[in-house]
There are 2 protein chains.
Amino acid sequence: MNILDGKKIANQIKEEIAVEVAQIQTRGEKVPHLAAVLVGNDGASLTYVGSKVRSCKKIGFESTLIHLPEDTTEAVLLQQVADLNANSDIDGYIVQLPLPKHIDEEKILMAVDPDKDVDGFHPTNFGKMALDMETFIPATPFGIMELLRRYDIETEGKHTVVIGRSHIVGRPISILMSQKGKAANATVTITHSRTKDLQEFTKQADIIVSALGVPDFLKATMVKEGVVIIDVGITRVPDATKERGYYITGDVDFEEVAPKASYITPVPGGVGPMTIAMLLKNTLLARKRRQD
Amino acid sequence: MNILDGKKIANQIKEEIAVEVAQIQTRGEKVPHLAAVLVGNDGASLTYVGSKVRSCKKIGFESTLIHLPEDTTEAVLLQQVADLNANSDIDGYIVQLPLPKHIDEEKILMAVDPDKDVDGFHPTNFGKMALDMETFIPATPFGIMELLRRYDIETEGKHTVVIGRSHIVGRPISILMSQKGKAANATVTITHSRTKDLQEFTKQADIIVSALGVPDFLKATMVKEGVVIIDVGITRVPDATKERGYYITGDVDFEEVAPKASYITPVPGGVGPMTIAMLLKNTLLARKRRQD
């Protein structure tokens, strides 16, 4: 059993980006600038956005955090998005989800300039991805692909079972892994809440990508010997013994499943750190494209 | 064994559209107007475009065929596309593929106004489809979904195996059938040229959508009893005994497979007629949306 060490690979990627940023500075050019818009005070969102901003600082990016109150109107947020689109100093930005219920997420998403949409969530970018065109790949599936590539995991002709059909993980990774290219060319089955007898599929899988959000869901009896496991689940389980009041766990019963796996991502330290690294990578790409 | 009679359903749909067109005329409003751009003299393309134009006439649409010579430059075609975007009389249009090799298809595609892209091939529309947003669904997968819906085929939780990952059939149908909704909620496996042991998958399938383009490829030994077969293959096989010099055949060995199938589309008369009907449906939708 080998660990797919997302933390290590993410640090490598961040170092590579930092080298590029240093070169940009040496040439006297503008460094990449990422902005993040956060509405309200959701705990997890605050943590994620904070982590993104800190990562920017570490690798030499400029970053701007726009923190708006929970009762921000849709109109105000749309104006904020329009301002970011118009602001030539910003190379890319994200609007942290979920948004408060009184705001139509789809409307906000459609207002983001696709050329600054480093989350890759805008339909134009998502469509380009599905049609094998160059674009911003959403950070989590992009991170999974990069992890597979850097560990040289054979995916061609392998049966990959994706658990979950969300717009940010299950759907894009099922598309990416079944396309042509490196870490791709897999035969992909997408499973979800309406799938009957899920373990009939997971038992056949050479590779499993689980993005379900149910702690310890995937058990040893559900996988075959030698499987590659990508655990995208990140659930906060309340735990009074921890200083922050919870611990983070994945979809996979790691203790049970790891001995049967050829490769497995830990949680935390697997896909999570890769997601932030790839957001930074997309921001660097945005900077370069705007310069071309 | 039941035939999924695409010709019959397509005629029903066209009749429904014709009724709506008659109502539009009665109200003194502008009827839907579809334009088709054809570059060069490819035999199959001429047939398809001719058939589309004739169908428009039959149901009361206006139609315009713009037939350009094989040596049309990319710049001239881009200007043509810009003119169609600007022409408020045109509700929707298609640029018939393939284009001559000296023209960059992606460049042309990106120039089409997504609101007039009744083929649903523009990344913005494709992305909206993948993200469960309202859009134009590409005509062939849209036709398959409509055929499944009108025959009330149970798809929820069923294992659907798609053969082929093309942008116009395999990819979109694999997305649509695994989404929420009617004729959807299936567990979908997408297979392709790099899939190992394809029949291991087809043998498990409750539903098979074949878009391979290899005549008589799917044999009885490759499917299970009771399977639903959607044959999207349309291959012209040279045949001197036919007046037009060829006959049309699908991916499925119909003689062998039909007796094992619960439902099966014939070729011709299955998915083909549905494709044209759904293009007309998209044009009607485009007209309505432009009016709103």
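Modeller: Let us begin with the sheet of chain B, an open one of three strands in the order β3-β2-β4 with parallel pairing. This is a predicted model, in which local features need pLDDT of at least 70 and side-chain atom pairs count only at pLDDT 80 or more, while totals for chains, interfaces and linings use all residues. Residues are numbered from 1 along each chain as its sequence is written, and chains are lettered from A and ligands numbered from 1 in the order in which they are written.

Colleague: Why are β3 and β4 of chain B said to stand at the edges?

Modeller: β3 (62-68) and β4 (92-95) of chain B each have a single partner strand, so one side of each is left without a neighbour in the sheet. Strands here are DSSP runs of E with at least two residues, helices are runs of H or I with at least four, and both are numbered from the N terminus. Neighbouring strands of this sheet are turned by 15 degrees against each other on average, direction ignored.

Colleague: What makes the two copies related as by a two-fold rotation axis?

Modeller: A rotation of 180 degrees, with 0.0 Å of shift along its axis, superposes chain B on chain A with an RMSD of 0.0 Å, and the two copies are thus related as by a two-fold rotation axis. The superposition is by least squares on the C-alpha atoms of residues with pLDDT of at least 70 in both copies.

Colleague: How do you know that the copies meet through the same surface?

Modeller: 100% of the interface residues of chain B are also interface residues in chain A, so the surface is the same in the copies. Contact is counted when C-beta atoms, placed from the backbone, lie within 7 Å, and 27 residues of chain B are in contact with 27 residues of chain A. On the side of chain B that touches chain A, two or more residues come from each of α5, α7 and β6 (187-191) of chain B, and the largest share, seven residues, comes from α5(B).

Colleague: Why is α5(B) called mostly covered?

Modeller: A residue is buried if 20 or more other C-beta atoms lie within 10 Å of its own, exposed if 12 or fewer, and partly exposed in between, with C-beta atoms placed from the backbone. In α5 (residues 123-130) of chain B, eight of its eight residues are buried, among them Phe126(B) and Lys128(B). The cover includes α5 (123-130) and α7 of chain A together with α7 (170-178) of chain B.

Colleague: What makes both faces of β6(B) count as covered?

Modeller: Thr187(B), Thr189(B) and Thr191(B) on one side and Val188(B) and Ile190(B) on the other are all buried. β6(B) pairs in the parallel sense with β5(B) over five bridges, with Ile190(B) as the bridge partner of Val162(B). Three bridges also join β6 (residues 187-191) of chain A to β6(B), the two running antiparallel, and there Thr189(A) has Thr189(B) as its bridge partner.

Conventions: Two residues are in contact if their C-beta atoms, placed from the backbone, lie within 7 Å. Two strands pair if DSSP finds at least two bridges between them. Axes are lines fitted to C-alpha atoms, for helices over the stretch in contact, and angles run from 0 to 180 degrees between N-to-C directions.
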